[in-house]
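This report covers aromatic pairs, nonpolar cores, salt bridges and a surface patch. The structure comes first.

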Amino acid sequence: MSQTAIPAPASAAAPLDRTARTVIAVVVLGMITTVLDATIVSVATDRLAAEFTVSLTTIQWVMTGYLLAFTATIPLAGWAMDRYGARRVWLLAVGVFTFGSLLCGTAWSAPSLIGFRVLQGAGAGLVSPVGIAMVARAVGPRRMGRAMAVVGIPMMLGPILGPVLGGVLIDSVDWRWIFLVNIPVGLACLAWSVHALADARGAGRERLDVLGLALLSPGLVALAYGVTALAAPTGSSTEAATGIAGGVMLLVAFVAHALRTERPLVELRHFATRGFATATAVQFLAVGVLTGAGFLLPLYHLLARGETELQTGLLLVPQGVGAALAMALTGRLVDRGRGRAVVLAGVGLLVAGFLGYTAVGSDPGQVYLGIALFAIGLGAGCIFAPTSAAAYAALDHAAIPRATTTMSIAQRTGGVVATAVFATVLQHQLSAAAAPADAFSAAFWWPLAVAVLAVVPAVLLPASKAHTGTQGA
């Protein structure tokens, strides 16, 4: 069993060939709209409620329905790629997302918009794991650092640019354009994909793990629903407890089933490999803290500092700049065997950035907050590429489709749980604190604690070794 975290030296410096660069570009184009769409709606809640004359409780399902559909379809990615081929599944995923975006832009009522968002989320749930699997296969383990640095850009910049773009579109055009803006990008991605991606067909004989699907997808949806209800202002504690308990029971049953099945829907035996297990643990915590902080940070600027949606989005730009800079600088370091050091530096920067935000009760200046955000962005940009490279380098080439499904589920679960916990803490603090800034100061200790916890699996990442195998694209 391989313990290699990230391939190193020798051929690690080999440039990416034209085919690999094309696959990466197509995947980034397809992923950017789905990542933006998850956050662009956050600034439109009030406008949508007024447009359709419904309560905020009802309109929240525009976001919750998307999240639940997104979560439910992720487990199908590995099986679908094995059976039908990654290219076909990719075209289906991007096509469903684009068609769902068109329908959302033509919605005539809150129920119609919620239903179309469910369709949109079902397509989006397949885009990320399928896209990352195609990239991993195209570049091979020796060049995963640089590839994942580029592919990770939408994931890092989406939460920052989404609110900015949403504010601009709502203020200057119309709310429908937060969905319609996806259509030209989606059509361009489909056209490019048909022309540029090789039609590598799947085996066509892979049987669907029906029992695993019946346990895993409902379990993830129930867990996501429970933690979302826990965070919702009008959420019922009974609903939250029932959803979380039911989700946990179904997921435990799935684990027992998967460990006894030869070809489960999600291959949990990958966790027996140290590089995959520790890298996935880092991503679970890091994506959790960043997604949850993506909820806290805009609200702090909106509620505690009284800034507008557009001002808030612009003030969060330093985080995106830091993430992009880190990704541009660290890809080659990862391919040269410095992955664990890069991850540890990234976790340290996350800790430093969130430590800075625990002082917001003293009303620090914007320069101070900008530096803290820049540190958080740098930290985020240092984590995704090396942990992805570590995970895939430890596995056989044929295992990549199901491995991407497993990592995507871990990321999504971490993000949902962390957001719900942070939101619940913030609600409690807002009701108890004398001023909103004091409430946020207390709430920011929670992402700080999760960032500190990420140090443990980061330290346990295997040290890089020279890659002498023949594994490749």
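## Tyr300 and Phe444

Tyr300 and Phe444 are both buried, meaning under 20% relative accessible area, where over 50% is exposed and values in between are partly exposed (1.4 Å probe, protein chains only). This is a predicted model: local features need pLDDT of at least 70, side-chain atom pairs count only at pLDDT 80 or more, and totals for chains, interfaces and linings use all residues. Residues are numbered from 1 along each chain as its sequence is written, and side-chain values use heavy atoms, with hydrogens and water left out.

## Aromatic pairs

The whole structure holds 11 aromatic pairs. Rings of Phe, Tyr and Trp (its six-membered ring) pair if their centres lie within 6.5 Å; planes under 30 degrees apart count as stacked, over 60 as edge-to-face and the rest as tilted. Trp175 and Phe179 are an edge-to-face pair because their ring centres are 6.3 Å apart and their planes stand at 85°. Both Trp175 and Phe179 are buried.

Tyr300 and Phe444 also pair edge-to-face, at 6.4 Å centre to centre and 80° between the planes. This pair links distant parts of the chain, 144 residues apart: Tyr300 is in helix 13 (residues 274-304), and Phe444 is in the loop between helix 19 (436-443) and helix 20 (445-453). Helices are DSSP runs (H or I, at least four residues), numbered from the N terminus. Tyr300, Tyr357, Phe440 and Phe444 make up one aromatic cluster.

## Nonpolar cores

The largest nonpolar core has 98 residues, and Trp90, Tyr357 and Phe444 have the most contacts inside it. Such a core is a set of buried Ala, Val, Leu, Ile, Met, Phe, Trp, Tyr and Cys residues joined through side-chain atoms within 4.5 Å. Another core, of 20 residues, lies apart from it and includes Val41, Ala49, Leu169 and Ile170.

## Salt bridges

Two salt bridges are found in the whole structure, each a side-chain nitrogen of Lys or Arg within 4 Å of a carboxyl oxygen of Asp or Glu. Arg305 bridges to Glu307, with the closest N and O atoms 3.6 Å apart. Arg305 is partly exposed at 24% relative accessibility, whereas Glu307 is buried at 17%.

Arg305 also bridges to Asp363, with the closest N and O atoms 3.5 Å apart. Asp363 is exposed, at 55% relative accessibility. Shared partners join Arg305, Glu307 and Asp363 into one network.

How values were computed:
Helix = DSSP H or I, 4+ residues; strand = E, 2+ residues; numbered from the N terminus.
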